[in-house]
Amino acid sequence: MTYSERVYSDLKAKNPNQPEFLQAAEEVLEALAPIVDTDPKYEAVGLLERLVEPERQIMFRIPWVDDNGKVHVNRGYRVQFNSAIGPYKGGLRLHPSVNLSIIKFLGFEQIFKNSLTGLPIGGAKGGSDFDPKGKSDMEVMRFCQAFMNELYKYVGADEDVPAGDIGTGAREVGYLYGQYKKLTNRSEGVLTGKGLSFGGSLARTEATGYGLVYITEELLKDHGKNIADSRIAVSGSGNVAIYAMEKATMLGGHVISCSDSNGYIIDENGIDVEAVKQIKEVERKRLTEYLKYHPEATYGEGSLWDVVSCDVALPCATQNEINKEQAERLVGTGCFAVCEGANMPTDAEATQVFLDKKVLFIPGKASNAGGVATSALEMGQNSIRSSWSFDEVDAKLKGIMINIYYHMKEACEKYDAVDNFVVGANIAGFMKVADAMMAQGIV
């Protein structure tokens, strides 16, 4: 049994009920095998064992009171996975599906994603099984304050800087920040995704979606294709999906779809992004409302990936939204590129289909790194008590995403895995973290 196989076997035995975390770990360890199994220095210092084990896992109760005076108790998490290259950095997810396995998977992925940006930030993730949907602003505020009453003990501008994620938008970040400031009497960049009036960064809202399209554009260009000539399918209708659709449309792409947890819209005339913004960001309603704007569009229930045909797929909804059968069907429609906007939206078998069929595939740890990259830029602005223009931040974001692409490509070529960007992303992200861990000793 090789070193990487032994580490995964031990990890599986220790975490038998954490499928999402094990899926992410298996993918990374398989990709790293050509490096760690042939160089004994990594095994000598137990580097993989330390890499797959979080530095700290925090789990706590969150009691809060609804508008009717009823007490609710949710579970909160913060998994601080690796700080070798900088303070912990990763979002807070508020969704009923949140559990320790999902938070560990997201935190583990965040290590490599943050490393790929080239910025000095470590990997972490957190959240709660609280569902903000259907809650009043006051209920969300009370929950966020209760969450921060425990979380504040473990975070700080130079220790751990959380951010938004699914269910955690500007409203939630504002409430969290306000409570942190009250508890600590410190005004510092402890959270990113803040409002512009109290330390937020321009372009942060757009960053993950824009960054996804920038790296997709570079991928296509490098392979003799053009985003402006492409029929693009997007899933999801949150921040990532909305701004991916917006930027792709700006660059001449023909975006034909989006979705939410109930169903999907296919609009052959091109998705009306402003209508989606109105429905999702202002009215907070379901996508069925889109038909009021464009009755010629098609609405269906179920998974978008069962029906859509496209040249380029940008899955931006949630983990494991594309399975093996859907991947095979997508390839059959002529899809030649898939870039992940969400975290691990294609399951392991679907990813293998794309790789086997020579589909250009970029994993989320690289293609959705634009959000955390711009969060790190927000941290920098907070540190110098300054702010940059939208165009300055956007230009830095584009440069970071293009650099990620070429760092992945270089790793692919070096380790005889041309166009296997799963391998390229994992190796490129790993090397910086591994070097830092080796230099800092066994800690």
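## Basis of the values

The model is predicted, so that local features need pLDDT of at least 70 and side-chain atom pairs count only at pLDDT 80 or more, whereas totals for chains, interfaces and linings use all residues. Residues are numbered from 1 along each chain as its sequence is written, and side-chain values use heavy atoms, with hydrogens and water left out.

## Helix α17

Helices are DSSP runs (H or I, at least four residues; strands are E, at least two), numbered from the N terminus. Helix α17 covers residues 421-439, and because its 19 residues at 1.5 Å a residue should span 27 Å, the separation of 27 Å between its end C-alpha atoms agrees with expectation; the expected span is 1.5 Å times one less than the number of residues. At Met431 the helix α17 bends by about 25°, where the bend is the angle between axes fitted to the seven residues ending there and the seven starting there.

Just after α17, Gly441 takes a positive phi of about 80°.

## Partners of α17

Helix α2 (residues 19-36) packs with α17 at an angle of about 70°, their axes being 9 Å apart; axes are lines fitted to C-alpha atoms, for helices over the stretch in contact, and angles run from 0 to 180 degrees between N-to-C directions. The two helices α2 and α17 are therefore roughly perpendicular, a class that takes in 65 to 115 degrees, while angles under 35 count as roughly parallel, over 145 as roughly antiparallel and the rest as oblique. Residues of α2 including Val28, Leu32 and Ile35 meet residues of α17, among them Val423, Ile427 and Met431, contact meaning heavy atoms within 4.5 Å.

The axes of helix α5 (residues 100-116) and α17 come within 8 Å and cross at roughly 85°, so α5 and α17 are also roughly perpendicular to each other. Among the residues making this contact are Ile111 and Phe112 of α5 and Ala425 and Gly429 of α17.

## Helices α15 and α16

Helix α15 (residues 370-383) and helix α16 (residues 390-414) have axes that come within 10 Å and cross at roughly 130°, and they are therefore oblique to each other. Gly370, Ala373 and Leu377 are among the α15 residues that meet α16, where the partners include Val393, Leu397 and Ile400.

## Ser187

Ser187 lies in the loop between α7 (170-184) and α8 (204-222). Not counting residues up to four places away in sequence, Ser187 touches Tyr177, Lys181 and Arg385.
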